[in-house]
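Open the model in a viewer and follow the selections below in order.

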Amino acid sequence: MTDEKTVPVFDGHNDVLLRLWRSGNASPETLLIEGDTVGHIDLPRAKKGGLAGGLCAAYVPSPSMEKDANGDYSTPTEADALKATLAMAGLLFRAEKQSKGALKVCRTAADIRNAIAEGAFASVFHIEGAEAIGADLDALHVLYEAGLRTLGPVWSRPNIFAYGVPFRFPSTPDIGPGLTDAGKRLVKTCNELKIMVDLSHMNEQGFWDIAKISDA
């Protein structure tokens, strides 16, 4: 009989930053580090369950979660989205600092491997819906330097880059045109910076546009 070996699990997406940002707690990063009973992830439960790390998403809710006549959600402004995204990013970096090595924000594959080997939670800063980034892409470069390594251009709503598939059933992803010119520049720049492009929520034509122009 062979010895059992724990296989570390790396999660492709979680919303822990959104949950903590909206918690109203004066020190929400403490909830992540010390643990609480709400949501799916905190460090004590991750360690107990073998969750070695994951993509921690900054997702900006729609200004109104009421759908319009077409069943679509409204899109936040760039200013509001950037403010919320920076708040969630700041929360993640404060958690790293206060965790005393129990959580690491990883910027390379080697960082992830090293964090797992050390028993630290390997966190990757991710953006779900790029409303915080303007067509000039200045914010993309700044966020990259801050640690952004994966990005989904859209959530289930349109923005200046592409068209997200709305929450309709029955429905099809074959809705709307492909990437805008700004969206094409976004994908190419992500390739140059080595920011992974996440195709979740993308409509069909946008998916094929990215597959065609991406060199990653």
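Select R157 to begin: its relative accessibility is 1%, so R157 counts as buried (under 20% relative accessible area; over 50% is exposed and in between is partly exposed, with a 1.4 Å probe and protein chains only). This is a predicted model, in which local features need pLDDT of at least 70 and side-chain atom pairs pLDDT 80 or more, while totals for chains, interfaces and linings use all residues. Residues are numbered from 1 along each chain as its sequence is written, and side-chain values use heavy atoms, without hydrogens and water.

E131 and R157 form a salt bridge, 3.3 Å from N to O (a side-chain nitrogen of Lys or Arg within 4 Å of a carboxyl oxygen of Asp or Glu). E131 sits in the loop between β4 (121-128) and α6 (138-146), and R157 in the loop between β5 (148-152) and α7 (181-193), so the pair ties together parts 26 residues apart in sequence. Helices (H or I, at least four residues) and strands (E, at least two) are DSSP runs numbered from the N terminus.

Next, select R19, D36, D42 and R45, which salt bridges with shared partners join into one network. Within it, the closest N and O atoms of D42 and R45 are 2.8 Å apart. D42 is buried at 1%, whereas R45 is partly exposed at 34%.

Move to R94 and E29, a salt bridge with its closest N and O atoms 3.3 Å apart. R94 belongs to helix α4 (residues 78-98) and E29 to helix α2 (residues 28-34), so this pair links parts 65 residues apart in sequence.

Finish with C56. Its sulfur is 9.7 Å from the closest cysteine sulfur, in C106, too far for a bond. The whole structure has 0 disulfides (pairs of cysteine sulfur atoms within 2.5 Å).
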